[in-house]
Amino acid sequence: MSSLWIMLYQINPKFFPNGPDFVISDTTLIDRPKFQITYLETDKVDLQSSSATGLDRVQMQTGRARSMSPGKVSHIKNIPDCFLKMIKNQPLSRTGCGKDVRHFELEFVSATIQYGVGDVLEVLPGQDPSAVDAFLQRCNLNPESLIIVHPIGIESHHCDAEGNDSKVPIKLKTFVELTMDIASASPRRYFFEVMSVFATAEHEKERLQYFASPEGRDDLYQYNQKERRTVLEVLEDFPSVQMPFEWLVQLVPPLKTRAFSISSSPSAHPNQVHLTVNVVSWTTPFKRKRAGLCSTWLAGLDPQDGVYIPAWFRKGSLPPPPASIPLVLVGPGTGCAPFRGFVEERATQDMSGAAAPIMLFFGCRNEENDFLYKDFWLSHAQNAGPLSIARGGGFFVAFSRDQPQKVYVQHKMREQSERVWDLILEGASIYVAGSSTKMPSDVMSALEEIISKEAGVSRETAVLQLRRLEKDGRYHVEAWS
């Protein structure tokens with residue numbers, strides 16, 4: 001911008017009667033905050049939720065806070081579809097093996113939602129209370145303040161789309177807990193720009209202005225995104241900055257729901273929903289320990305505590321197959337989650353008549369460390385179960401680190417080439433779920449080889465046949481990073 005002013009001044013000095021270096025106040029260079037906070041006195045407020053307890057209170061607070069949040073997404077309802085309570089928190093991987101995979105069983109405590117196998121559960125995570133308290137203290141915010149948040153220019157006394165009366169206040173601390181991601185997500189560049197306006201220490205102001213400039217982009221990336229610094233950490237690094245709460249509400253990343261593939265069948269568990277979750281943790285380039293917000297929170301829940309979990313259901317990318325369709329399932333690691341529901345569903349369908357068989361390829365590192373749901377798979381692979389070879393199905397597992405050479409699911413698929421092809425000829429649908437790194441493309445390549453070999457056609461023709469399966473709705477992939 002400075003170069004532009006100088007060039008325009010050279011063209012016509014009248015553009016800048018005070019010279020091109022005339023300093024404009026920082027506060028005029030940023031917009032006004034887009035949200036207004038109305039503070040109410042406690043003794044003058046008739047709190048509708050004051051008499052509510054337990055689940056009713058949580059429902060009211062969650063809906064009210066989310067309806068005020070500037071980060072809400074229009075296509076996602078503010079009010080959760082239901083509330084769940086954890087009844088089982090079971091480790092699936094061996095302690096000390098380098099990964100922590102959990103099986104969670106959640107029970108409906110509000111309205112029971114009808115879901116299907118292959119569907120997805122979205123969970124609103126809880127935040128660390130100590131982090132919330134530290135944020136409130138750092139920003140000099142009164143946690144007991146009663147507030148109403150609404151966009152500037154829009155009257156705050158109205159009902160939102162879900163019927164919540166948004167003129168009813170909420171405690172500031174509750175609003176932060178339910179809507180502002182203060183200790184997980186990294187802030188954006190504009191956060192640093194606005195911070196620079198409110199910095200009173202000159203060295204902090206210069207540093208923040210540099211981060212917000214084009215020249216400082218790479219350094220900001222190294223400091224912020226690469227290290228996954230949180231809002232709380234950034235604020236603590238610049239102690240002279242005191243941002244008004246209006247700006248914090250606008251700029252702190254919204255607390256988002258986290259999505260998990262459902263690993264149960266509603267037919268087998270009518271009042272429950274099960275999840276298979278990898279508890280995420282990693283180390284940054286500068287050796288900072290980081291943990292996934294939702295997975296860590298879920299792993300730390302004690303079923304005895306009876307915490308209410310806000311949840312939403314949505315359709316996944318793996319449509320539930322009819323009982324008459326044979327299945328070829330490929331799910332290494334936690335990719336097996338939706339297929340546990342598929343197998344449960346098919347076992348239930350067997351009770352009213354023989355359902356089509358399932359061929360499942362599962363992969364993990366070690367048989368002793370992370371053979372997820374070992375007993376479950378093996379029990380359904382026996383006694384003419386859905387995964388039994390006697391039925392035309394089968395369960396095949398690849399342990400990638402239990403021998404000198406790496407063995408993955410695609411290697412096991414090639415070993416069972418003829419059986420896979422037979423099921424495809426019988427009209428089988430193919431489902432692939434798991435990490436989006438190399439696995440989906442490696443599995444597709446293995447299927448192309450199988451079709452080429454067993455059908456006696458060229459690789460190009462095999463590719464076309466696989467594309468035809470995809471077009472006909474017989475090839476589905478659910479991959480995540």
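Which residue in strand 11 is the bridge partner of Val123? In this predicted model, the partner is Ala311. Numbering starts from 1 along each chain as its sequence is written, and side-chain values use heavy atoms, with hydrogens and water left out. Because the model is predicted, local features need pLDDT of at least 70 and side-chain atom pairs count only at pLDDT 80 or more, while totals for chains, interfaces and linings use all residues.

Helices (H or I, at least four residues) and strands (E, at least two) are DSSP runs, numbered from the N terminus, and two strands pair if DSSP finds at least two bridges between them. Strand 4 pairs with strand 11 (residues 308–314) in the antiparallel sense over 4 bridges. With strand 7 (residues 258–261), strand 4 also forms an antiparallel pairing over 4 bridges, in which Val120 has Ser261 as its bridge partner. Val120 and Glu122 point one way from strand 4, Leu121 and Val123 point the other way, and all are buried (under 20% relative accessible area, with exposed meaning over 50% and partly exposed in between, for a 1.4 Å probe and protein chains only).

An open sheet elsewhere contains 3 strands in the order 1-5-6, with antiparallel pairing. Strand 1 (35–40) and strand 6 (170–171) each have a single partner strand and stand at the edges, so one side of each is left without a neighbour in the sheet. Strand 1 is joined to strand 5 (residues 146–151) by 6 bridges, and Gln36 has His150 as its bridge partner in strand 5.

Turning to the helices, Glu204, Lys205, Leu208, Phe211 and Ala212 are buried in helix 6 (residues 202–212). These residues cover an arc of only 125° around the axis, which puts them on the same side of helix 6; the arc is that of the directions from the helix axis to the C-beta atoms. Helix 5 (189–198) and helix 7 (217–225) are included in what covers these buried residues, where contact means heavy atoms within 4.5 Å.

The axes of helix 15 (residues 417–425) and helix 16 (residues 439–455) come within 9 Å and cross at roughly 85°. That makes helix 15 roughly perpendicular to helix 16. Axes here are lines fitted to C-alpha atoms, for helices over the stretch in contact, and angles run from 0 to 180 degrees between N-to-C directions; angles under 35 degrees count as roughly parallel, over 145 as roughly antiparallel, 65 to 115 as roughly perpendicular and the rest as oblique. Residues of helix 15 that meet helix 16 include Val420 and Trp421, and those of helix 16 include Leu447 and Ile450.

The largest nonpolar core has 48 residues, of which Phe135, Phe175, Met180, Phe191, Met243, Phe245 and Leu248 touch the most other members. Such a core is a set of buried Ala, Val, Leu, Ile, Met, Phe, Trp, Tyr and Cys residues joined through side-chain atoms within 4.5 Å. Apart from it lies another core of 25 residues, including Ile358, Phe371, Leu372 and Leu387.

Ser388 lies between helix 13 (374–380) and strand 14 (394–399) and counts as buried at 3% relative accessibility. Asn140, in the loop between helix 3 (129–138) and strand 5, has a positive phi of about 55° although it is not a glycine, and counts as exposed at 59% relative accessibility. Lys287 also has a positive phi, near 65°, and at 67% relative accessibility counts as exposed.
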